[in-house]
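Biologist: Please bring the model up on the screen. I would like to go through some of its contacts with you.

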Amino acid sequence: MSNLQTLPVLPLKNAVLYPHTIAPLAASRVISVQAIEAAATSEEKELAVFAQRDASQDAPAADGLFPFGTRAVIKRMVRDGDGIQLIVQGVERVALSRVLETEPYLKAEVEPKPLVPDEGPEVEALQRQLLELGAKIQELSQSARLIDFNSLVQQLDNPLQLVYLLASFVSLDLEKAEAILEAPSHLEAMKRLHENLQHEVLILELQSKIVTQAKSEISRDQREYFLRQQLRAIQEELGESDPETAVTQELKEQIRQAELPDEVRQECDRQLTRLEMIPSASPEHQVVRSYLELVPELPWNTLTEDHLDLKRAQQILDEDHYGLDKIKERIIEHLAVMKLNPHAHAPILCFVGPPGVGKTSLGKSIARALGRKFERFSLGGLHDEAELRGHRRTYIGAMPGRIIQSMRRAGARNPLLMLDEVDKLGHDFRGDPAAALLEILDPAQNDTFRDNYLDLPFDLSKVFFILTANTTDSIPRPLLDRVELIRISGYTDEEKREIAQRYLLPRRRSEAGLTEEQLVVPDETMMHIINRYTRESGVRELERVLGSLARKMARRVAEGEAPSATVHVDGLRNLLGKERFFMEEARQKLPAGVATGLAWTPFGGDVLYIEAIRLPDGEKLRITGQLGSVMQESAQAAQSYLLAHAGDLGLEDHTSGVHLHVPAGAVPKDGPSAGVTIAVAMASLYAEIPVRADTAMTGEITLSGLVLPVGGIKEKVLAARRAGIKRVILPQSNEQDLTDLPPHVREEIEFVLAERIEDVLAAAIPQLADRLQKVPAQESR
């Protein structure tokens, strides 16, 4: 005989009803309300209560319910608007057999699944443990204290009822609560509940400990306060001053001795009054005290005397730096102005150049020549405007900005302040540091600069600001308008040799503990190091290589060897390893379609080869090598011009497409200066005549055939010289830039100045010159 029973199903969200327990429930879903009403109208008033797996489902199907539930009897029911409030009592555990109906409510066949009682010492031991844990939870939990636990336990008939009772008033996860209901035996149900109760006791004990510690901290603070009051009373009776009073008196004395403007002194007096009223235990006490310690330490009226001896300044600059004549001349000019007009505004300079050309060290030399204090900090990666303007004194940990901190360290109102890496400033939701620099660097505003922390006007007009950058592309235009740009180009090989012999080698030799006799590097060896072990515009890598050389020699000396003090070229491989750079020997003969170009980068000039090959008919131009939009347009303009004037230029086979590639494909490239190089490479490909291998070129082209001027001429020419190129084609308008080159560089390299693309083709591809016909220049209005 089957014992299946058909009952309305009440699905529960995030709750499990156990047998032998009474629980209040609330129902508002349509299927729940309909199921309750159907059960209430029946004679037994019974329904099956099952927990649903997903609480987000309003109408769960059979697979959305857990397999085990509880047959329950409705004890009381009250309608509440659209919902129902009811109290049910669990009768027995049942299993879901099959769902008969889903509309208008769930109706299913359920099968009773009673558990066979277990007996034995393990059951008795677990029962005692559960009683102890239940009593402990009642002691620790505020909500459990409302339940008369002892009277409920006395009414229980078997251990399973104890399990269901304890599980019903302990907050368990849905899966853990259902696992207890699904336990196959009394013993297993008791084990599962025991594990959950142990975890609950641990959590409640930790919560109690945290609350106790918090109360203890409050009690300790009150105790310390009363002890301090007693100590103060004892010190007053003995005529002794307490530490707080001593600190306040010391601050008053510092402020009295400092030469402060009237506005600043009034603010200090006001803050001193506040300090005396704030308890020392208050966090605000430390904020005010730090502020009062800062103000008298700032150089409000302290100025260092400038050294205005022009000859001595020139001597110092020459001692510290080789070359850089234009920059030295600019500094001497400023000294002359200061000598004639002491009230002139300090200049705001911005040194722009590749890494390692001496921008920062030049600032130190200028400070030494002027006799001023030198301070510097880096702006690279700075995102927060408060780093410059300071933090407001509204929270613990507030501090002045870097400008005021630098003035505090300098101890004078007219230091030389160097701001490095201004081109690497960032900005985000915390503000724009570049905008803050506008006020700091503006002579019309910085005489009353207000730091957020200081909140007093501070005069920065006497500060000699020097900014450094690798490029001006990322510097905002309004900021560039505040500064005087001084570009520092790369060094020639001869200048690097002199710098290395005068400054780098002695410094590295001294750091390695060697004497001048223990390490000698002749000029020939130094030039070999420059050409074969470094490839840069500055001298930073060269200094590292010389440092490695000095360490190698120091080890030999320390090991008792007697090496030769002079380093020769043939001994460099043993000391520095294999050579890292070579002259462009593989490009001494260029095939048709390859031309040598010159490029400018933030790290100096560079030589790049533009390669072109033919493609089958159907694709006019393919471009690779990570070229930017400007460079791609230059390639399109070059091809359009050559195809439009193929007959005049002597180009016969120009019907096939072209694949243009610039090596070093992983490096992005852009800019207009490769226009002439691309045009020459394509013309060489169409004419099947190679370009002169000793010739490099740069310049922008137009569709009318003009060659326009470009920038970075000095860096590009020096890069060509480093690569062994002896002939350079430049736009005619860049002739004036040749004066920036050292005389010996102008003598070594042959310069060809071009106004039109035909001039470039004739100079780069001599065999094409015989066929070349001059294209008439287009009229411009």
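Biologist: Which side chain meets Arg-368 in a salt bridge?

Modeller: The partner of Arg-368 is Asp-320, at 2.9 Å from N to O. A salt bridge here is a side-chain nitrogen of Lys or Arg within 4 Å of a carboxyl oxygen of Asp or Glu. Arg-368 lies in helix α12 (residues 359-370) and Asp-320 in helix α10 (residues 310-320), so the pair ties together parts that are 48 residues apart in sequence. Helices are DSSP runs of H or I with at least four residues, strands are runs of E with at least two, and both are numbered from the N terminus.

Biologist: What is the basis of these values?

Modeller: This is a predicted model, in which local features need pLDDT of at least 70 and side-chain atom pairs count only at pLDDT 80 or more, while totals for chains, interfaces and linings use all residues. Residues are numbered from 1 along each chain as its sequence is written, and side-chain values use heavy atoms, with hydrogens and water left out.

Biologist: What is the relative accessible area of Arg-368? And how does Asp-320 count, buried or partly exposed?

Modeller: Arg-368 has 39% and is partly exposed. Asp-320 counts as partly exposed too, at 25%. The classes are buried under 20% relative accessible area, exposed over 50% and partly exposed in between, with a 1.4 Å probe and protein chains only.

Biologist: How many salt bridges does the count come to?

Modeller: The count is 47 salt bridges. One of them joins Glu-37 and Arg-79, at 2.7 Å from N to O. Glu-37 belongs to helix α1 (residues 30-41) and Arg-79 to strand β4 (residues 68-80), so this pair ties together parts that are 42 residues apart in sequence. Arg-79 counts as exposed at 53% relative accessibility, whereas Glu-37 is partly exposed at 23%.

Biologist: Which residues are linked with Arg-507 in a network of salt bridges?

Modeller: Arg-508, Glu-511 and Glu-543 are linked with Arg-507 in that network. Within it, the side chains of Arg-507 and Glu-543 meet at 2.9 Å, N to O. Arg-507 lies in helix α17 and Glu-543 in helix α19 (residues 540-558), so the two tie together parts that are 36 residues apart in sequence. Glu-543 counts as buried at 16% relative accessibility, and Arg-507 as partly exposed at 37%.

Biologist: Now for the rings. How many aromatic pairs does the structure hold?

Modeller: The structure holds 3 aromatic pairs. Tyr-18 and Tyr-164 form a stacked one, with 5.3 Å centre to centre and 20 degrees between the planes. Tyr-18 lies in the loop between β1 (5-12) and β2 (22-27) and Tyr-164 in helix α4 (residues 159-169), so the pair ties together parts that are 146 residues apart in sequence. Both Tyr-18 and Tyr-164 are buried. Rings of Phe, Tyr and Trp (its six-membered ring) pair if their centres lie within 6.5 Å; planes under 30 degrees apart count as stacked, over 60 as edge-to-face and the rest as tilted.

Biologist: And where does Arg-393 lie relative to Tyr-291?

Modeller: Arg-393 lies over the face of Tyr-291, 3.9 Å from the ring centre. Arg-393 also lies over the face of Tyr-453, at 6.0 Å from the ring centre. The criterion is NZ of Lys or CZ of Arg within 6 Å of the ring centre and within 35 degrees of the ring normal.

Biologist: Let us turn to β1. Why is it largely enclosed by the rest of the structure?

Modeller: Of the 8 residues of β1, 6 are buried, so the strand is largely enclosed. β1 pairs with strand β6 (residues 107-112) in the antiparallel sense over 4 bridges, and Thr-6 stands opposite Glu-109 in β6. With strand β3 (residues 46-51), β1 pairs in the parallel sense over 4 bridges; there, Leu-12 has Ala-51 as its bridge partner. Two strands pair if DSSP finds at least two bridges between them.
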